[in-house]
Amino acid sequence: MVLASQAQHGMWITEVLHGTGTAYHMPFAMWFDGPLEREAMLAACRAVLARHPVLGRAFEERDGVLHLVPARELPPVAFVVEPDPEALIEREIARPFELSAGPLARFTLAEVSSSRHLLLFVAHHLVFDGMSKDLLVRDLAAAYSGAPLPPLPMPYGAEEKPSPEAEAYWRARWREVPQVVINGVTRSPRLAERGETVLLTLTDDMPDLSGLTRFEVFLAAVHALLHRYGNAETAVAVAMSTRTDETRDDIGLFATELPVFASFSAEGSFRELALGVRSELRELNAFREVPVARAVGGIKPRVALAPVSISFRRRAPEQVFPGLKLSVEWKMSSHTVRNALHLQAVDGDDGLHLTLHYSPDVIPRRDVELAGDHLRAVLRAVAADPDVRLADLLPAVPQVIPQIALEAPPDAGPAHDEVDAELVEQVRLIWMEVLRMDHIAPDEDLYDLGGHSLTITQISARIRKRLGVEVPFDVFLDDPTIAGVAAAIGGLRP
């Protein structure tokens, strides 16, 4: 049993609170053409599982602390004959994971024909990230070729606490941007929604700006587009790697999602914007291992940190499987999205390929396709003149007055008149212990007091131990007050 990381804890409680469906399922398909040796490939899969112990773990909360524990069963390695591989892919993506029992990863080798096979790997994001895909292919190729795969130690278990510097950094920068304007309409993602995709190839459109990486230019272009759409405040959540020299070979979750904010000048140029984004990224990099909610506190757990997010990854060189031709689907969809728009970019030897993930329940496909065209226009304009003024960057994109979607008035919440005073006092004492405060009023909001995901699990653990009641985590979303939690406990008692 080892401690989970801060990033794992944040993702775990997001799923427990919101029920994110398949949003955190990470499918990965490898297609092999040629005379594949079935037993050698199945043995290679088992060797990868033995090398990376996190793939055989589950997650369990004990006394307010999240741990990785051995799964009840080993991750399955199955072989099937499947003439309809797309149906298999859909079934495996949809098949749920049980976080508390595991396993959280599975291999399926499917024989499509005698000369064509699909190796489908599906894992929960808690134990797998984008860079893990490269490591998975590398280790599979080595094992299939007969090379030994020495096991790696469990890469988690160290107790983590945000440094004062990280807390000061995020407190100075964090601001909530819950909505985004795209093509004149305000989009407000609230839950994990069914997802669809739009595919783009930007290989011939990416500008080359001296002193700036392709990722920095791409991120600045997204900010510029959002600004042109009429967003006075732009925030883009970016997937940042937290790998170190010690964990560079480890499959697992070594990434966190952090917000990048951008400021704009009416007369400023794209190059100035991009240099500002680069400066922000370099400063942020020193605190990339610290989730914002843990450093700042007071941020209610939500399915998305910002309405627009980006993952941008440079793909590793292709691996060799003797006698086989390999093609990989690097950007598969889980058919569920958490943001209004997620841009997944993979930059490889075959060019820069972008997948726009969206929910048709939040934004129409035509608007997503138009946004992709507009992003391409931004990149082309910058390629022609990196010093183009932001005001002149997109003549093809009209500046429109955003139409704010009407929202229902907030629910006043349940009344607490009938809550037992002694029960309220017991809950209040627990809150004061966890939050280390001398006084808390029964109607004060947990998040206004600086609460976060770890606070929720610690309060719940103490309630379970002292009062013998398992409080559903969603109570801390619906009514995050002492009186609200006490009312929930009263309703759960026999």
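Modeller: His335 is partly exposed, with a relative accessible area of 31%; buried means under 20%, exposed over 50% and partly exposed in between, using a 1.4 Å probe and protein chains only. This residue sits in the loop between strand S15 (325-329) and strand S16 (336-337). Here helices (H or I, at least four residues) and strands (E, at least two) are DSSP runs, numbered from the N terminus. The phi of His335 is near 70°, a positive value in a residue other than glycine.

The model is predicted, so local features need pLDDT of at least 70 and side-chain atom pairs count only at pLDDT 80 or more, while totals for chains, interfaces and linings use all residues. Residues are numbered from 1 along each chain as its sequence is written, and side-chain values use heavy atoms, leaving out hydrogens and water.

Arg436 also has a positive phi, near 60°, and is not a glycine. Arg436 lies in the loop between H10 and H11 and counts as exposed, at 78% relative accessibility.

Just after H11, Gly468 takes a positive phi of about 70°.

Two other loops are worth a look. Pro103 lies between helix H3 (85-94) and strand S6 (105-113), and the peptide bond from Gly102 to Pro103 is cis, with omega near -10°. Arg248, in the loop between strand S12 (234-241) and strand S13 (255-262), is exposed at 53% relative accessibility. Leaving aside residues up to four places away in sequence, Arg248 touches Leu135 and Arg243, where contact means heavy atoms within 4.5 Å. The C-alpha atoms of Arg248 and Met131 are separated by 9.2 Å, although the two residues are 117 apart along the chain.

Over the whole protein, there are 13 helices and 18 strands. Buried residues make up 54% of the 494 residues. The C-alpha atoms fill a box of roughly 75 × 60 × 40 Å, taken along the principal axes.
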